[in-house]
Amino acid sequence: MNQAYLKHVLYIKPEVKEALAAGKPVVALESTIISHGMPYPENVATAREVESIIRREGAVPATIAILNGVIKVGLTDDELEYLGQAQNVVKVSRRDFPIVIANKQNGATTVAATMICAALAGIAVFVTGGIGGVHRGAQETFDISADLTELGQTSVAVVCAGAKSILDLGLTLEHLETLGVPVIGYGTEELPAFYTRSSGFNVDYRMDTPEDVAAAIHHKWNLGLNGGLVIANPIPAEDQLDKQFIDGIIESALKHAAERGIKGKETTPYLLSEIKRLTEGTSLAANIQLIYNNARVGANIAKAYALLQK
Ligand code: PSU
Ligand code: MN
């Protein structure tokens, strides 16, 4: 990586830069969830509240996106509002960086892309809603999210509510195992399935405190075992959706995607918007609550990890 070059394309917000230099806890946040995962104005309101929760817990939030070809680590309030309304935002994963930067476009970063930017900035902990994974039928389509490959190589801990069962969760866990990515259930032995606390699949390890998770992160990276960790934090019980209800909706969304021939990077955004449409907003409410919950947990993991680095 070329440090002199990086100065032109990576802008770290002063508040974030100062926190990192002082060894204070910082939490990275993604932006695909803002531009492709939720409708306006809920997207901006949620992004703001997630940042406030992280501050209240004693860490500094850094929402990451690409604006006019510049990677921004930490958005201002105006930038957040702009991103939430903009129509011309490219969904950016690892492969898209060079083009979006060369074209000076706006880009919303996926889990994979946010991990890359967080690692460039020196941020260890990243909070999101759900990660991408191995899609159902990937045996035929090869549709496996670049999020998994990134988790295999980029050293950032990702706090999420598991993954939606638009994916094949069993194959997703198998692939993460192959890539050497620990999947830690936060207060649970089961992989949460985003809208529901249970999925029927067990995780590798259960941990119950931010300190335990921080220790695992610390040991992994100090051993030279580069790559991410998945901290799977279940949606609060009072916010979860009925499993049969949401499973039925997901089946319909998958059917509609197949009928329309949706492929590639459009698949996940299409499925997310279909789920939202078919649930008439109840999925959005659950989605918002689980992110808030992840923000609380992620901020506390970042605090515990920062203490370990002193
Ligand atoms: N899953 C969700 N919500 C999301 C995404 C996934 O429940 O918003 C977004 C994330 O940004 C994730 C991306 O990184 O979709 C994965 O897209 P793909 O499957 O195309 O790799
Ligand atoms: Mn895909």
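Student: How do the residues of the shell around ligand 1 divide into nonpolar, polar and charged?

Tutor: Keep in mind that this is a predicted model. To read a shell, sort its residues by type. Here 5 are nonpolar, 9 are polar and 4 are charged.

Student: Which residues come nearest to ligand 1?

Tutor: The shell holds 18 residues. Gly37, Val111, Gly130, Gly132 and Ser145 come nearest. Next, look at the elements behind the shell. Those that give two or more residues are α3 (32–35), α9 and α13 (267–279).

Student: Why does aspartate 143 count as partly exposed?

Tutor: Count the C-beta neighbours inside 10 Å. A buried residue needs 20 or more, and an exposed one has 12 or fewer. Aspartate 143 has 19, so it counts as partly exposed.

Student: Which residues is aspartate 143 in contact with, leaving aside neighbours within four places in sequence?

Tutor: Contacts link parts of the chain. With those neighbours left aside, aspartate 143 contacts His135, Ala138 and Thr267.

Student: Which residues touch the most other members of the largest nonpolar core?

Tutor: Look for the members with the most partners. In this core of 97 residues, they are Val158 and Val230. Helix α14 (residues 282–308) supplies the largest share of the core, 11 residues.

Student: What does valine 230 touch, not counting residues up to four places away in sequence?

Tutor: On that count, Val230 touches Ile131, Leu151, Val158, Cys160, Leu176, Val181, Val183 and Ile184. Val158, on that list, is the other residue with the most core partners.

Methods
Residues are numbered from 1 along each chain as its sequence is written. Chains are lettered from A and ligands numbered from 1 in the order in which they are written. This is a predicted model: local features need pLDDT of at least 70, side-chain atom pairs count only at pLDDT 80 or more; totals for chains, interfaces and linings use all residues. A nonpolar core is a set of buried Ala, Val, Leu, Ile, Met, Phe, Trp, Tyr and Cys residues joined through C-beta atoms within 7 Å. Helices (H or I, at least four residues) and strands (E, at least two) are DSSP runs, numbered from the N terminus. Two residues are in contact if their C-beta atoms, placed from the backbone, lie within 7 Å. A residue is near a molecule or strand if its C-beta atom, placed from the backbone, lies within 6 Å of it. Ala, Val, Leu, Ile, Met, Phe, Trp, Tyr, Cys and Pro count as nonpolar, Asp, Glu, Lys and Arg as charged, and the others, Gly among them, as polar.
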